[in-house]
Amino acid sequence: MALTLYYHPLASFCHKVLVALYENNIAFEARMIDLGAEQDRATLSALWPFCKFPVLQDHTSQRSVPESSIIIEYLDRFGEQNPMVPRNAEDALQVRLWDRILDNHVHEPMQNIVLDRIHGSQGDMAGARATIQTAYGLINQQVASQPWAAGHNFSLADCAAAPALFYAHTLEAFPEHHVHLHAYFEKLIARPSVQRVLAEAKPYFPMYPFYSAIPARFL
Ligand SMILES: N[C@@H](CCC(=O)N[C@@H](CS)C(=O)NCC(=O)O)C(=O)O
């Protein structure tokens, strides 16, 4: 197998890359990493010293590719029928902007709230929660007039949106009046690639610290 993905089925940034792999039916070896196991940590750290996943290894070019957005751009050379980053420069700029909005203003604050719970630090998470709510408003406007986060085609931005919104909505409900955000989320979770990722995560959901907030339809 030419590609190996170092990942965990529960990890949100890994979901982002899995969605892109499944969108284009790209063959890969899935190498699960248990961050609690010393040997696995050593394996991941050897590839990426920050010891964070996902990391993609391309055995043909003998290259390790870290960072979910960069991995997804890299994967476009293997699954060209449905590019996750458009070839057109202007469209690509929009996709990258929305990927950044989703990562920086939904995914990362969500991750900080989850990590605070895991570490029992009981920090003030009001700022993180407010950032997520601001992003919800922006996304609601963005998807009011177009089917996907950055336009008419499913893209890197939607790969970012799926796990970010999935986990964020277990922490901060989507306000009822954000009807376009609700509709967009339903469209995202109906996408076969996203359904597959969520189905594979299901056995691990009890490890999620906000497990009780995951809606029953996902369990
Ligand atoms: N910016 C990175 C973030 C990766 C990341 O934070 N991964 C989490 C899992 S979702 C992780 O490896 N956490 C382990 C740790 O921080 O010890 C990306 O986009 O890939």
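Figure 1. A nitrogen atom of the ligand is 2.8 Å from a polar backbone atom of Phe53. Such a polar contact is a pair of N or O atoms within 3.5 Å; within protein, one must be able to donate a hydrogen and the other to accept it, and residues adjacent in sequence count only if both atoms are side-chain atoms. Side chains contribute too. Glu67 places a polar side-chain atom 2.7 Å from a ligand nitrogen. Ser68 brings a polar side-chain atom to 2.6 Å from a ligand oxygen. Alone, the ligand exposes 510 Å², and the protein buries 80% of that (Shrake-Rupley method, 1.4 Å probe). This is a predicted model: local features need pLDDT of at least 70, side-chain atom pairs count only at pLDDT 80 or more, and totals for chains, interfaces and linings use all residues. Residues are numbered from 1 along each chain as its sequence is written, and side-chain values use heavy atoms, leaving out hydrogens and water.

**Figure 2. Surroundings of the ligand.** Around the ligand are Ala11, Ser12, Phe13, Leu35, Lys52, Phe53, Pro54, Glu67, Ser68 and Gln111 (each with a heavy atom within 4 Å of it). The ligand sits in the largest pocket. A pocket is an open set of points on a 1 Å grid over the protein atoms alone, where a 1.4 Å probe fits, with protein on both sides within 12 Å along at least five of seven lines. A molecule sits in a pocket if more than half of its atoms lie within 2 Å of the grid points.

**Figure 3. The Lys16–Asp99 salt bridge.** Lys16 and Asp99 meet through their side chains, N to O, at 2.9 Å. Lys16 lies in helix α1 (residues 12–23) and Asp99 in helix α4 (residues 89–119), so the bridge ties together parts 83 residues apart in sequence. A salt bridge here is a side-chain nitrogen of Lys or Arg within 4 Å of a carboxyl oxygen of Asp or Glu. Helices are DSSP runs of H or I, at least four residues; strands are runs of E, at least two. Both Lys16 and Asp99 are buried (under 20% relative accessible area; exposed is over 50%, partly exposed in between; 1.4 Å probe, protein chains only). The two residues also belong to a salt-bridge network with Arg100 and Asp103. The whole structure holds ten salt bridges.

**Figure 4. The Arg129–Glu172 salt bridge.** The closest N and O atoms of Arg129 and Glu172 are 2.8 Å apart. Arg129 is in helix α5 (residues 126–142), while Glu172 is in the loop between α6 (156–168) and α7 (179–190), 43 residues apart. Arg129 is partly exposed, at 25% relative accessibility. Glu172 is buried, at 15%.

**Figure 5. The Arg217–Glu186 salt bridge.** The side chains of Arg217 and Glu186 come together at 2.7 Å, N to O. Arg217 lies in the segment after α8 (192–201) and Glu186 in helix α7, so the pair joins parts that are 31 residues apart in sequence. Arg217 is exposed, with 52% relative accessibility. Glu186, at 38%, is partly exposed.

**Figure 6. His8 and its contact with Leu10.** His8 belongs to the loop between β1 (3–7) and α1. His8 is buried, with 11% relative accessible area. A polar atom of its side chain lies 3.1 Å from the backbone nitrogen of Leu10.

**Figure 7. Arg96 and Ser69.** Arg96 is in helix α4. Its relative accessible area is 35%, which makes Arg96 partly exposed. Ser69 is 27 residues from Arg96 in sequence, and their C-alpha atoms are 8.6 Å apart in space.

Definitions and conventions: 1 Å grid on protein atoms, 1.4 Å probe; cavity = no way out; pocket = protein on both sides within 12 Å on 5 of 7 lines; lining within 4 Å.
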